[in-house]
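Thank you all for coming; I would like to walk you slowly through one model today. Please have a look at it first, and then we will go through two parts of it together.

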Amino acid sequence: MDFDYSQGVTGYVLVLTRLITGYWFFHAGVTKLGGFSAAGYLANAPAASPLQGFFAWAAATPWLLEFTNFMIPVGETLIGLGLIVGALVRLAAFFGGVLMVFFYLGNADWAHGVVNGDLFGLMMFAIVGTLAAGRILGLDAIIEKTEFVQQRPALKYLLG
């Protein structure tokens, strides 16, 4: 079966999904730059969270809390920027997915079921990454044609 999703409406929907997901993370990151603390989030993880112990340890460990307070806003900003411009989309989607797993398990408020916004965010990163959304109206289409990438085909796993 041949499925060329980059043609027609499907390609445009995929680009729109990439842009919306990118803006969502870019905006979340930029608004946290310069004054973000994850201490409350980490220290108050719900008992239902399988990561509650890890989060409590992270909140109580100064170097790890400082690292988290730096990496969350910078990571969200860079992930969002990568998706918006369509560069290193698979790499950005992977790390966005990792963050969403932590957010999903950290919130662990499943009183209304296991499906919530964090799970939908994880799915958006999975869709954008697996379908190589950066190759459609993104910089990854240009980057993949460079001699540098052509000589190192393994880099295509980060692009797309």
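This is a predicted model: local features need pLDDT of at least 70, side-chain atom pairs count only at pLDDT 80 or more; totals for chains, interfaces and linings use all residues.

The axes of helix 1, which covers residues 9-30, and helix 6, which covers residues 117-130, come within 10 Å and cross at roughly 130 degrees. Because of that angle, helix 1 counts as oblique to helix 6, and the crossing of these two helices is left-handed. Which residues make the contact? From helix 1 they are Leu-14, Thr-17, Arg-18, Thr-21, Trp-24 and Phe-25, while helix 6 brings in Gly-121, Met-124, Phe-125, Ile-127 and Val-128. Sorted by class, this contact of helix 1 with helix 6 holds seven nonpolar residues, three polar ones and one charged one.

Is Glu-76 buried or exposed? Its relative accessible area is 3%, and because anything under 20% counts as buried, Glu-76 is buried.

Who are its partners, then? Leaving aside residues up to four places away in sequence, Glu-76 touches Phe-25, Phe-26, Ala-28, Gly-29, Lys-32, Met-71, Leu-99 and Phe-103. With Lys-32, the side chain of Glu-76 makes a polar contact, side chain to side chain, at 2.8 Å. Glu-76 and Lys-32 are 44 residues apart along the chain, and their C-alpha atoms are separated by 9.2 Å.

Notes. Residues are numbered from 1 along each chain as its sequence is written. Side-chain values use heavy atoms; hydrogens and water are left out. Buried means under 20% relative accessible area, exposed over 50%, partly exposed in between (1.4 Å probe, protein chains only). Contact means heavy atoms within 4.5 Å. A polar contact is a pair of N or O atoms within 3.5 Å; within protein, one must be able to donate a hydrogen and the other to accept it, and residues adjacent in sequence count only if both atoms are side-chain atoms. Axes are lines fitted to C-alpha atoms, for helices over the stretch in contact, and angles run from 0 to 180 degrees between N-to-C directions. Helices (H or I, at least four residues) and strands (E, at least two) are DSSP runs, numbered from the N terminus. Angles under 35 degrees count as roughly parallel, over 145 as roughly antiparallel, 65 to 115 as roughly perpendicular and the rest as oblique. A crossing is left-handed if the near helix is turned anticlockwise from the far one by less than a right angle, and right-handed if clockwise. Ala, Val, Leu, Ile, Met, Phe, Trp, Tyr, Cys and Pro count as nonpolar, Asp, Glu, Lys and Arg as charged, and the others, Gly among them, as polar.
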